[in-house]
Amino acid sequence: MYNRIKDAVRKKGLEALSLLAIVVLWQLVADLIIKNKLFLPSFVDVVLSFSKVVKSGAIFTDISVSLLHFGIGLFLAFIIGIPIGIAMGWFKTVNRIFDPIIEIIRPIPPLAWIPFAIVWFGLTHQSAGFVVFVGAVFPVIINTYAGFKSVSIIYVEAAKVLGCTSDRALIRYVALPSALPSIAAGMRIAMGVGWMCLVAAEMFGVSTNGLGYKIWWHYYLHQMDFVLVYMLLLGFIGFLIDRAFRHYLDDRLLKWRTGVVM
Amino acid sequence: MSRLTVTNVSRTFKNENGAPTSALDNINLEIKDKEFVCFIGPSGCGKTTLLRIIAGLDTPTSGDILLDGTKITVPDAKRGMVFQEYSLFPWRTVIENIAFGPKMQGTKKEKSLKIAEKYLELVGLGQFKNSYPYELSGGMRQRVAIARALATQPQVLLMDEPFGALDAQTRNTLQHELLEIWEKKNVTILFVTHSMDEAVFLADRIVVMSARPGKIKDIIDVNLPRPRDRTAPESNTLRNNVLKLLAREREK
Ligand SMILES: Nc1ncnc2c1ncn2[C@@H]1O[C@H](COP(=O)(O)OP(=O)(O)OP(=O)(O)O)[C@@H](O)[C@H]1O
Ligand SMILES: [Mg+2]
């Protein structure tokens, strides 16, 4: 038992110490130098506010609403982006048709779509999901496309001489698994971008819940300690999603890769 | 039964500026059923190109290739190929790699795995069944590649310097194994090599090629009894003769 602790300290001691130091420093600066809860709420303030939103249950609705928006956007981005990327990567003609359209739409920042999202979908969850989708779909398309482009010809030819000759079979059995690391990287980027779009998408008030919405709302009430609670939550959940996704991939789908994934 | 006929095959590549390179020039060749033929020649003489055309992966500029009287145009599992580079699917385990061919032929999953297991035993790698290719050495990978090519029961096995990247020891072992398999499975083998030793040890006939444009320079019958002794005087004489042929080729 003692040894276990010693081991843990040796392995993660410095990291833990660094976090602890920043918390202490934050508390001291807030208490002794700034002395203004609006400018910088202290660590203790934030912890207290956090326990309040947990007690009221607000935090759980907020998280689930945000995950709903995020889920709609990402789900659509995957089921639309991956097939488009595949078709573009495998068939030259499809690439020539889609490429100019994508190159024109892609540079438009996703948040610029908010007015249209509202006009088309109203103040609904779908509307927030749409903004997330616009942010997430391009990294998915582009990485899927790139993954398909870099499928080694040797694997395709090896498959052909083994009797795997139709486009469909080659895509399914050769190109897709071979491009999977790149597609997965695209999905990860998409999740990052989507998570960022989420806050803005919720700020325009599609519902009265959601992590992003609450940041704005508490800001109006000048409750900066709550703003900080929601900021930290966004960071933390974003981190967890990324971790879980990566874990899943490494364990399940990309076992065959030698090095570190991504 | 499965006779391979190469008639007037030429292949010219054009680069982006339209400048042509003649990789193969008027190749004529007849290969008997169950024959073991080695191709040898300087780098760039079109050995890979010829094998790819026979596999159906490339189309000749002119001429045609018949297998049992049927013209070859597209790849199919009648002609297996072991590539110059490592070509195992890295995302599939060893057994799944070998089972791929049967599976593509429409064989049921369990049955394909059964077949795969049989061929894995044949190349002596039973215990690596569930390993991924990155976990295997170069020699093991080529063994698996051979097993994979054989699992579809091809009539012709095309091998493009399959042992080129291996050390001499491993190479010798694999040559032995290959001959055993060849005798057991009764396939026709077309084998490209850079090594005179290899050709003299393996082949019924050696096709010596010359470069730019790729042509057949000579075809040598190797009438040495099997199993062959690498150090026998007959082997040495033969080797020397072919080496002289090749040396003259290089001087040109
Ligand atoms: N796809 C291609 N496009 C253009 N030129 C090619 C192509 N493939 C082969 N060539 C040319 O054809 C010639 C023969 O190539 P090939 O790969 O068949 O040689 P090789 O005899 O297999 O050589 P090595 O022993 O080095 O493997 C070379 O000059 C090469 O540059
Ligand atoms: Mg070659």
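Predicted model: local features only at pLDDT ≥ 70, side-chain atom pairs only at ≥ 80, totals over all residues.
Strand β1(B), residues 4-14, runs antiparallel to strand β2(B), residues 20-31, and eight bridges join the two. One of the pairings in β2(B) is that of B:S22, the bridge partner of B:T12. The two strands form a hairpin with five residues between them. In the turn sits B:G18, which has a positive phi of about 85 degrees. Strand β1(B) also pairs with strand β4(B), residues 62-67, again in the antiparallel sense, through five bridges. Here B:V6 finds its bridge partner in B:I65 of β4(B). In a regular strand, side chains alternate between the two faces of the sheet.

Attention can now turn to helix α2(B), which spans residues 94-104 and is mostly covered, with nine of its eleven residues buried. Among these buried residues are B:V94, B:I95, B:I98, B:F100 and B:M104, as well as B:N97, B:G101 and B:P102. What do the buried residues of α2(B) pack against? Their neighbours come from both chains: α7 (153-161) and α8 (167-203) of chain A, together with α3 (109-122) and α4 (138-150) of chain B. After the helix comes B:G106, with a positive phi near 95 degrees.

The largest nonpolar core holds 105 residues, and A:V174, B:F39, B:F89 and B:L190 have the most contacts inside it. Helix α8(A) supplies the largest share of this core, with 17 residues. Apart from this core lies another, of 51 residues, which includes B:A99, B:I115, B:L166 and B:V242. In soluble globular proteins, nonpolar side chains tend to be buried together.

A patch in chain A brings together residues including A:L14, A:L17, A:L20, A:V24, A:L28, A:L32 and A:F39, with about 1100 Å² of accessible area for the whole patch. One of its members, A:L32, lies in helix α1(A), residues 2-34. Is A:L32 buried or exposed? A:L32 counts as exposed because its relative accessible area is 57%, and the cut-off is over 50%.

How values were computed
Residues numbered from 1 in each chain as written. Chains lettered and ligands numbered in written order. Heavy atoms only, no water. Patch = residues over 30% accessible without salt bridge, like charges linked within 9 Å, V, L, I, M, F, W, Y side chains within 5 Å. Areas by Shrake-Rupley, 256 points an atom, 1.4 Å probe, with all protein chains shown as cover. Salt bridge = Lys/Arg side-chain N within 4 Å of Asp/Glu carboxyl O. Helix = DSSP H or I, 4+ residues; strand = E, 2+ residues; numbered from the N terminus. Buried < 20%, exposed > 50% of the residue type's maximum accessible area, 1.4 Å probe, protein only. Pairing = 2+ DSSP bridges. Contact = heavy atoms within 4.5 Å. Core = buried A, V, L, I, M, F, W, Y, C linked by side-chain atoms within 4.5 Å.
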